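Thanks for coming. I will go through one structure today, starting with its pocket and then turning to rings and charges.

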Amino acid sequence: MEPRTGRTGRRPGTSTTREEIVAAAAIAFSASGYEATSMRQVAADAGVDPALVRRFFGGKEQLFSAVVTSVFQPEQAVAMLLDGPRGKLGERLAGYVLGLLGAVDRPGPVLGLMRSAATNAHAAALIREFLANDMLGKVTRKLGVDQPELRAALAAGQLVGLAITRYAVRVDALVSSPPDELIAWMAPALQRHLTGRAP
């Protein structure tokens, strides 16, 4: 008779458990939304004890923040957006976000995170804080432009609007347009918000 072995929550060998939990949470938040996603379900999907999820992340808000950071990778994104001609920043930003969103018929987890933000105040606050401080806000502050918070918010509004209308509402003209065409249309508006003269 073999001895019983219970789950201790931590796997042997090189640990990728934290990353696996974040990946499971990204799928859960995208599929079920913020409210319906539970820490226990994420733990089950990742194959770990719920106590380990709480040890790594504390609560659901912190877990959602970890998913947002994992998906957007703000440090790399900010470096990439600022690395290149200032006049092409809008183009780089549009391309980056469309790349994250993925194909219309197989969108990436960003859309699910935005849906969560649209239906839950906690998720919305976390996304808002992330965009304002960790990503677009950091870009506008590093650019040294006036009204950096407003500029970041306007750019975020354009991008979230595109995500919802193309991927969730599925407006025909946006669904049928290839990414390169959408980038060409979006880039000037984003550029104006980020670096243009204030009205």
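**Pocket, rings and charges**

The largest pocket holds about 180 Å³ of space. Before I go further, please keep in mind that this is a predicted model.

Which elements give two or more residues to the lining of that pocket? They are helix H8, residues 121–134, and helix H10, residues 148–168. H10 gives the most, with six residues. If you want to find the place on the screen, look for Ile127, Arg128 and Leu131, and also for Glu149, Ala153 and Val160, which are among the lining residues. By class, the lining has eight nonpolar residues, one polar and two charged.

Now the aromatic rings. The count comes to five aromatic pairs. One of them is Phe72 with Phe130, a tilted pair with 5.2 Å from centre to centre and 45° between the planes. This pair links distant parts of the chain, since Phe72 belongs to helix H4, residues 60–72, while Phe130 belongs to helix H8, and the two are 58 residues apart. Helix H8 has come up already, as one of the elements lining the pocket.

Elsewhere, ring pairs join Phe29, Tyr34 and Phe64 into a cluster. Tyr34 has a further neighbour: Lys60 lies over the face of its ring, 4.7 Å from the ring centre.

Last, the charges. How many salt bridges are there? The count comes to two.

In one, Arg151 is bridged to Asp146, and the closest N and O atoms are 2.7 Å apart. The two partners fall into separate classes of accessibility: Arg151 is buried, at 6% relative accessible area, whereas Asp146 counts as partly exposed, at 40%.

The other salt bridge runs between Lys88 and Glu91, with 3.7 Å between the closest N and O atoms. Here Lys88 is partly exposed, with a relative accessible area of 43%, and Glu91 is partly exposed too, at 40%.

To go back over the main points: the pocket lining draws on helices H8 and H10, Phe72 and Phe130 pair across distant parts of the chain, and Arg151 is the buried partner in the salt bridge with Asp146. That is what I have for today.

Note on methods: Residues are numbered from 1 along each chain as its sequence is written. This is a predicted model: local features need pLDDT of at least 70, side-chain atom pairs count only at pLDDT 80 or more; totals for chains, interfaces and linings use all residues. Side-chain values use heavy atoms; hydrogens and water are left out. On a 1 Å grid over the protein atoms alone, a cavity is a set of points where a 1.4 Å probe fits but cannot get out, and a pocket is an open set with protein on both sides within 12 Å along at least five of seven lines; lining residues have an atom within 4 Å of a point. Grid points are joined across faces, edges and corners, and a volume is the space filled by probe spheres set on the points. Helices (H or I, at least four residues) and strands (E, at least two) are DSSP runs, numbered from the N terminus. Ala, Val, Leu, Ile, Met, Phe, Trp, Tyr, Cys and Pro count as nonpolar, Asp, Glu, Lys and Arg as charged, and the others, Gly among them, as polar. Rings of Phe, Tyr and Trp (its six-membered ring) pair if their centres lie within 6.5 Å; planes under 30 degrees apart count as stacked, over 60 as edge-to-face and the rest as tilted. A charge sits over a ring if NZ of Lys or CZ of Arg is within 6 Å of the ring centre and within 35 degrees of the ring normal. A salt bridge is a side-chain nitrogen of Lys or Arg within 4 Å of a carboxyl oxygen of Asp or Glu. Buried means under 20% relative accessible area, exposed over 50%, partly exposed in between (1.4 Å probe, protein chains only).
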